[in-house]
Amino acid sequence: SKRYQIAVIPGDGIGKEVMPEGLRVLQAAAQRFDIDLELTPIAWASCDYYAQHGQMMPDDWKAQLSGMDAILFGAVGWPATVPDHVSLWGSLLKFRREFDQYINLRPVRLFEGVPCPLAGRKAGDIDYFVVRENTEGEYTNLGGVMYAGTDREIVIQESVYSRFGTDRVMKYAFELANSRERKHLTVATKSNGIAISMPWWDGRADAMAQGYPAVTVDKQHIDILSARFVLQPGRFDVVVASNLFGDILSDLGPATTGTIGLAPSANLNPERKFPSLFEPVHGSAPDIYGKNIANPVAMIWSAALMLDFLTESTGAGRAAHDAIVKAIETVLVQGPRTGDLGGTANTTAMGEAIAALVAQA
Ligand code: NAD
Ligand code: IPM
Ligand code: MN
């Protein structure tokens, strides 16, 4: 059988605490379902590496990672020592761009056993995907500062939407919606205020919709869409959004399900020309680092998404994914649970409990 090459990058802060639990569960699943993984631990793409080398990664980072089947990633950022735009543009954002991981798939689910901050919602009431465009949009370095340091100072930062880049994320979102029971797609827009790019974005959604007559499409301005994530989460099935809108929605959505400590993500190059990257939605959480209290579920669920992607959602990888998700569901109900879930257990205890269930699945 195929041996999958996985680069393992813990990064910074709680990335270093949740990664061991991600690996514990990954290895339990690989053994149980007979999946052959070769894990390559990587200490760069971290602010510790930056402190020693003055850059986030070695010059040959791309060559080192190109042959990998996937990258399992914790979190990067330690703003006390490295400015966030330096550490993130020097690592994660480089991976997304240079490996053309143009889909950022972020599931949002309310689980049984997790206290929901929204009144009257139960497990199953919140269950949707945010499909975030991941290589262009508002995230650019196009622009600059003029008359710097004077009272005439001017700052310009451009956004970029290509037809190629927009159509491919629309296509992915329509395909995903079409494959789901409800076949409902929400398009995040802001075509009232952002009067050039967003009406155009809507037009690309309309054009793609022609090919998917079974999918119902609802365009919503990002402001009211955000309100409805809170007030009417049952309206959502698949949500497609530009890079920044998708970023914001993918913290807000998980917050409505109790904690961002649960939320996984898959940064996909669907063509598999380059490695895809799997990581929690959350960051390095300097405020809780060092106490072993971070919720490891986002990391563990991300590892499950990786196994599913590696095997194209078939066979052992799919079974391993399903077993991991089932173990997460069980532990969220029975415990042990971390503090963000209302429990008192530590990161390791929660990871061990999930791994134990996966091993007997
Ligand atoms: P964050 O996601 O790191 O933390 C936000 C809040 O959520 C904090 O109070 C934190 O304690 C809590 N939290 C996050 N993950 C948790 C978990 N697993 N369990 C329990 N609580 C958890 O966001 P931030 O504070 O804005 O950013 C901190 C650093 O992380 C910055 O350097 C930022 O740039 C970086 N960051 C990196 C990524 C990434 O690597 N993908 C994502 C977001 C932020
Ligand atoms: C995320 C993060 C990143 C983003 C940051 C760390 C650059 O917030 O993955 O959601 O904005 O994409
Ligand atoms: Mn984010």
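Me: What covers the buried residues of helix H11?
Reply: The cover includes helix H1 (15-32), helix H10 (297-310) and helix H12 (347-360). A helix here is a DSSP run of H or I with at least four residues, a strand is a run of E with at least two, and both are numbered from the N terminus.
This is a predicted model, where local features need pLDDT of at least 70, side-chain atom pairs count only at pLDDT 80 or more, and totals for chains, interfaces and linings use all residues. Residues are numbered from 1 along each chain as its sequence is written, chains are lettered from A, and ligands are numbered from 1 in the order in which they are written.

Me: Which residues of H11 are the buried ones?
Reply: They are Gly 317, Ala 320, His 321, Ala 323, Ile 324, Val 325, Ala 327, Ile 328, Val 331 and Leu 332.

Me: How do you know that the span of H11 agrees with its number of residues?
Reply: H11 (residues 315-334) has 20 residues, so at 1.5 Å a residue it should span 28 Å. That expected span is 1.5 Å times one less than the number of residues. The end C-alpha atoms of H11 are 29 Å apart, which agrees.

Me: What makes Pro 10 count as buried?
Reply: Pro 10 has 26 C-beta neighbours inside 10 Å, so it counts as buried. The cut-off is 20 or more other C-beta atoms within 10 Å, with 12 or fewer for exposed and partly exposed in between (C-beta atoms are placed from the backbone). Pro 10 sits in strand S1 (residues 3-11).

Me: Why is Ser 313 called exposed, then?
Reply: Ser 313 has 11 C-beta neighbours inside 10 Å, so it counts as exposed. You'll find Ser 313 in the loop between H10 and H11.

Me: And why is Arg 272 called partly exposed?
Reply: Arg 272 has 13 other C-beta atoms within 10 Å, so it lands in the partly exposed class. Its place is the loop between strand S11 (264-268) and strand S12 (276-280).

Me: What makes the phi of Arg 272 worth a look?
Reply: Most residues other than glycine have a negative phi, and most peptide bonds are trans. Arg 272 isn't a glycine, yet its phi is positive, about 60°. Ser 313 isn't a glycine either, and its phi is about 55°.

Me: What kind of peptide bond joins Gly 335 and Pro 336?
Reply: A cis one, with omega about 0°.

Me: How do you know that the chain agrees with a compact globule?
Reply: For 361 residues, a compact globule would have a radius of gyration near 21 Å; the chain has 20 Å, which agrees. The radius is taken over C-alpha atoms, and the globule rule is 2.2 Å times the number of residues to the power 0.38. Buried residues make up 48% of the chain.

Me: How many residues of domain 1 are in contact with domain 2?
Reply: 11 residues of domain 1 are in contact with 14 of domain 2, where contact needs C-beta atoms, placed from the backbone, within 7 Å. H5 gives the most to that side of domain 1, three residues. The assignment (automatic or from a database) gives domain 1 as 1-104 + 265-361 and domain 2 as 127-256.

Conventions
Contact = placed C-beta atoms within 7 Å.
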